[in-house]
Amino acid sequence: MNHIKELKKFNNTYYVIRHGQSRANIKKLIMSNPKYAVKNYGLSEVGKQQARDSIKANKDLDKNTIIYSSDFKRARETAEIVRAHIKAKPIILTKSLRERYFGKYDRTADKNYDKVWELDIKDKPLGDIESVYSVADRATRLVLDLEKKYKGKRIVLAAHGDIVNILLTCFNKKDPKYHHTLFSLKTAEIRKANK
C-alpha cells in the first residue's frame, strides 16, 4: 500500500540516496538478510568515495537536514558520510528502510535480481521474497509518520536499490511493480523524491 498516495501536499522535502558500492556488490552477492547485513558488508573504499562525491555535488542539503537510514551497514555508512559532510545531527536508524528481503536468493549471485524484477512486473507469486507492495507499505508508512512529525524540513532517506526505486514510484504515484523499469539509481546517487 502506498500511504503517501492520498497526500494533497507534502510538509517536507524528501531525498533518497542509494548506498555506495558495498563489499557485497564487489562479490556480486544479494545481501538482504539482517542476520548478515546489519553488522557486515559495509562500503568498499570506492563506495565511500562515491558517497563523498555525491554529497559534495549536492547543493540542497545542509546542517539542518534530517537523515533517516536503513540499519544495514552499507546504508548506515553512506548516511554517516553524508551527515559528516553537511554537519547534520546524528542519523536516525530505522528498519523501515532495510533492503527488500530476497528470500531464497539471499546470498546468491546478483544476476538473480532480474528474475525477481520479472516476477514483480507479472504479479507472480514470490514465495519467501518480500513483495514490492510490502516494501512500499513499510517505506511509505515511514514517510507518513515523518509528515506528522516534521514540517518544512529536508529529509534524506538512505537505503538500498530496490527500496529507493520503489519509494520513487510511490512519490510519483506509479505502481511499485514497475520500480526497476521507471527508476534505477546508481550507487550513492542522491535524488529529490517529491516536487
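**Exercise 1. Which residue just after α7 takes a positive phi?**

*Solution.* The model is predicted, so local features need pLDDT of at least 70 and side-chain atom pairs count only at pLDDT 80 or more, while totals for chains, interfaces and linings use all residues. Residues are numbered from 1 along each chain as its sequence is written, and side-chain values use heavy atoms, with hydrogens and water left out.

Step 1. Helices (H or I, at least four residues) and strands (E, at least two) are DSSP runs, numbered from the N terminus.

Step 2. Just after α7, the residue with a positive phi of about 55° is K173. K173 lies in the loop between α7 and α8 (179–182).

Step 3. The relative accessible area of K173 is 47%, and K173 is therefore partly exposed. The classes are buried for under 20% relative accessible area, exposed for over 50% and partly exposed in between, with a 1.4 Å probe and protein chains only.

Step 4. K28 also has a positive phi of about 55°, although K28 is not a glycine. K28 is placed in the loop between α1 and α2 (34–37), and its relative accessibility of 53% makes it exposed.

**Exercise 2. Determine what span helix α6 should have, and what distance separates its end C-alpha atoms.**

*Solution.* Step 1. The expected span of a helix is 1.5 Å times one less than its number of residues.

Step 1. Helix α6 covers residues 132–149, which is 18 residues, so the span should be 26 Å.

Step 2. The end C-alpha atoms of α6 are 26 Å apart, in agreement with that expectation.

Step 3. Buried residues of α6 include V132, A139, L142 and L146, and R138 and E147 are also among them.

**Exercise 3. Describe how α6 and α7 are placed relative to each other, and state which residues make the contact.**

*Solution.* Step 1. Two packed helices are described by the angle between their axes and the distance between the axes. Axes are lines fitted to C-alpha atoms, for helices over the stretch in contact, and angles run from 0 to 180 degrees between N-to-C directions.

Step 1. The axes of α6 and helix α7 (residues 161–171) cross at roughly 70° and come within 9 Å.

Step 2. The two helices α6 and α7 are therefore roughly perpendicular. Angles of 65 to 115 degrees count as roughly perpendicular, those under 35 as roughly parallel, those over 145 as roughly antiparallel and the rest as oblique.

Step 3. On the α6 side the contact (heavy atoms within 4.5 Å) is made by V132, V135, A136, R138, A139, T140 and V143. On the α7 side it is made by I163, I166, L167, C170 and F171.

Step 4. By class, this contact of α6 with α7 has 10 nonpolar, 1 polar and 1 charged residues. Here Ala, Val, Leu, Ile, Met, Phe, Trp, Tyr, Cys and Pro count as nonpolar, Asp, Glu, Lys and Arg as charged, and the others, Gly among them, as polar.

**Exercise 4. Explain why α7 is described as largely enclosed by the rest of the structure, and name what its buried residues pack against.**

*Solution.* Step 1. In α7, 11 of the 11 residues are buried, so the helix is largely enclosed by the rest of the structure.

Step 1. The buried residues of α7 pack against β1, α5 (113–122), α6, β4 (154–159), α8 and β5 (190–192).

Step 2. V143, in helix α6, is buried with a relative accessible area of 0%. Leaving out residues up to four places away in sequence, V143 touches I4, F10, Y14, L157, L167 and F171.

Step 3. P176, in the loop between α7 and α8, is buried with a relative accessible area of 8%. Residues up to four places away in sequence aside, P176 touches V132, Y133, A136, I166, T169 and C170.
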